[in-house]
Amino acid sequence: MDDFRAFFQQYKWRIIAVCVGVVLSILFFTIGFWRTLLLILIVAVCYFIGMLLDAGGRGRVKDAFDTLFKK
């Protein structure tokens, strides 16, 4: 188990990049390019909202959207 941890620590970003590449390839071939991009966009927006909720709750989300959609 220690050998695996050492291997993962040494090549962590390569392993993560290959896993992301495999997942994206599977998505491209199964649901198509545009649907994959839409899925990535939805996940990114949800991550951003979750990050705001972690940082300051519902008030932080409201402030961020007020700033983003200011007249």
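Trainee: Which element has the lowest mean pLDDT, and which the highest?

Mentor: Helix 3 is lowest with a mean of 89, while helix 2 (residues 12-31) is highest with 94. pLDDT is the predictor's confidence in each residue, from 0 to 100. Helices here are DSSP runs of H or I, at least four residues, numbered from the N terminus. For the chain, the mean pLDDT is 90, and 99% of the residues reach 70 or more.

Mentor: Some ground rules: this is a predicted model, where local features need pLDDT of at least 70, side-chain atom pairs count only at 80 or more, and totals for chains, interfaces and linings use all residues. Residues are numbered from 1 along each chain as its sequence is written, and side-chain values use heavy atoms, with hydrogens and water left out.

Trainee: What makes Lys62 and Asp66 a salt bridge?

Mentor: The definition asks for a side-chain nitrogen of Lys or Arg within 4 Å of a carboxyl oxygen of Asp or Glu. Their N to O distance is 2.9 Å, so the pair meets that cut-off. A search of the whole structure finds 1 salt bridge.

Trainee: How many residues apart are they in helix 3?

Mentor: Lys62 and Asp66 are 4 residues apart there, so about one helical turn separates them.

Trainee: Why is Lys62 called exposed, and what is Asp66 called?

Mentor: Buried means under 20% relative accessible area, exposed over 50%, and partly exposed in between (1.4 Å probe, protein chains only). Lys62 has 52%, so it counts as exposed. Asp66 has 42%, so it counts as partly exposed.

Trainee: And how are Cys19 and Cys46 labelled?

Mentor: Cys19 is partly exposed because its relative accessibility is 45%, and Cys46 is exposed because its value is 51%. As for disulfides (a pair of cysteine sulfur atoms within 2.5 Å), a search of the whole structure finds 0.

Trainee: Which residues form the nonpolar patch on the surface?

Mentor: Phe28, Phe33, Trp34, Leu37 and Ile40, with about 520 Å² of accessible area together. Patch residues need over 30% relative accessible area and no salt bridge; nonpolar side chains (Val, Leu, Ile, Met, Phe, Trp, Tyr) are joined within 5 Å, like charges within 9 Å. The areas come from the Shrake-Rupley method with a 1.4 Å probe, and for residues only the protein chains shown count as cover.

Trainee: What is the relative accessible area of Phe33?

Mentor: Phe33 has 43%, so it is partly exposed. Phe33 lies in helix 3, and helix 3 (residues 33-68) gives the most to the patch, with 4 residues.

Note on methods
Helix = DSSP H or I, 4+ residues; strand = E, 2+ residues; numbered from the N terminus.
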